[in-house]
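Today I am looking up ring contacts and helix geometry, and I am jotting things down as I go.

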Amino acid sequence: MGTLGLRRYNPFYPGREGRLLGVLGLFLPPTSYADNVFEFRTPRVKFGVGVLNELGYELERLKARKLFVVTTRGWVRRGLIQRIEKLLPEGVEMEYFSDVEPEPSDSNVEQLADAMRKFGPDAILAVGGGSVIDAAKVAAVLERYGGRVRDYVAPPYGAGKPVPGPIKPLIAVPTTAGTGSEVTSVAVVTLPDLKVKVGVRSDELRPYLALLDPELTLTMPKKVTVDTAMDALTHAVEAYMAIPFYARPKPETPAKRPVYHGSNPITDALAEKAIELIGRYLRRAAYNGQTDIEARAGMLLASNLAGLAFGNAGTSLAHAASYPLGGRYKLTHGEAVGILLPAVLEFNAPADYCKATKVGELLSGEKPPCRCCPEGAKWAADKIRELQKDVGFTPGLEAVGVDPNDIPAMAEETLKQKALLALNPRPVTAKDVEWIYRRAWRNY
């Protein structure tokens, strides 16, 4: 049927001609080779200052009797364990693990799984940033089904074994505003021996419940605030720019539809709101984060909306290129993707100049020099750079000591992230990735 056939069938195709053909296409049979269905998946979400206090109620709903808490030593020092103990229903046992590393390694996750297995919980509580929640997800798989982390990592880094079934109920409580891990079906783990970060993806990893309490984010240091915000912004932009769901091949069965299956009207709406909130609140959260609860709430909500967007639509080139970068140079995940984001937006803009320009409008609240044009897309990328400069984000790869001689090898490593690159709106070669890295050498 060709491209016109896709336009006819899909009512979401942009442009006046596309809208007309889309209406007509509702009366045409679906194409045989394209996936004309999207699905939106999410756990339960509860949001509000003090919502952690509803933990006891949720454990009673689960009829949980043994709770395993995953967190960090910093939160233990702040009295988290004592607070949770006071919230537990009578008769509930609790054990905790507080040795989760930043950007956790496979061995650290396996250590957590061993501790979890010895206790034998019927519910898991993860309180912390994305590293804590991701570690809890993967450890919960190992606790219930056995094996090693690399068994569930896709080739060429692992065996690519599917997660056999659901994990025990996981309640995720994010204390940073960036990863959106509390609502997604992916977890990132570092493989130190290979100097690379990898993702484990399965709908079985999606938490049972997310409790979003802005009060818990007040203690974030400025760098953590800014780095995690750039992660959220990258999630929103990449979900927004991802190939549309109807441009993917039709799966053999609905069960084989991938976790990430392209942008759709729901993920677009969520991504747009997330970008707008980040533009409105990040500067305030960066400089007045210990007292400005409205800004913290706005950023936590933005992170969650971006997580819901990319948790269904997916991420692409910025994340793919960030894994070898972060693995080699031990950057935080948000730092790695954020440095690359403006260049990636510029690279992907020709696939949809309208959306690329809209990113800048939403982020800045300003009018672009033109809409749906190369100049507008370049302006949008510069609006990201302007925000990064305003909040003191890492200015580029030069600032973190990247060796230019490593760029070709990192580009080749990026191409191994096939699941992510399949969602990129433009085809990607090694030379393209090298251009991204060099363009991100100094953002401001």
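Predicted model: local features only at pLDDT ≥ 70, side-chain atom pairs only at ≥ 80, totals over all residues.

**Helix packing**

I began with helix 8 and helix 9, which are roughly antiparallel to each other. My reasoning was simple: their axes cross at roughly 165°, and an angle over 145 degrees counts as roughly antiparallel. I also noted that the two axes come within 9 Å. The crossing of helix 8 and helix 9 is left-handed.

**Aromatic pairs**

Next I asked how many aromatic pairs there are. The count comes to 4.

I took F38 and F245 as my example: the ring centres are 4.9 Å apart and the planes are at 65°, so I logged the pair as edge-to-face. The cut-off I needed for that is over 60 degrees.

Where do F38 and F245 lie? I found F38 in the loop between helix 2 (16-25) and strand 1 (44-47), while F245 is in the loop between helix 8 (222-241) and helix 9 (265-288). The pair therefore ties together parts that are 207 residues apart in sequence. That brought me back to my opening helices, since the loop with F245 runs between helix 8 and helix 9.

Then I checked accessibility. F38 has a relative accessible area of 26%, so I wrote it down as partly exposed. F245 is at 2%, which makes it buried.

F245 has a further partner in Y246: this pair is also edge-to-face, with 5.4 Å from centre to centre and 85° between the planes. Y246 is buried, at a relative accessible area of 7%. Put together, F38, F245 and Y246 form a cluster linked by ring pairs.

**Charges over rings**

I looked for charged side chains over ring faces as well. K66 lies over the face of F119, 4.5 Å from the ring centre. R78 does likewise with W75, at 4.6 Å from the ring centre.

**Helix 7**

My last entry is a length check on helix 7, which covers residues 130-145.

Is helix 7 mostly covered or mostly open? I counted it as mostly covered, because 13 of its 16 residues are buried, and buried means under 20% relative accessible area.

Conventions:
Residues numbered from 1 in each chain as written. Heavy atoms only, no water. Phe/Tyr/Trp six-rings, centres within 6.5 Å; stacked < 30°, edge-to-face > 60°. Helix = DSSP H or I, 4+ residues; strand = E, 2+ residues; numbered from the N terminus. Buried < 20%, exposed > 50% of the residue type's maximum accessible area, 1.4 Å probe, protein only. Lys NZ or Arg CZ within 6 Å of the ring centre and 35° of its normal. Expected span 1.5 Å × (residues − 1). Axes fitted to C-alpha atoms, helices over the stretch in contact; angles between N-to-C directions. Parallel < 35°, antiparallel > 145°, perpendicular 65-115°, else oblique. Left-handed = near helix turned anticlockwise from the far one by under 90°.
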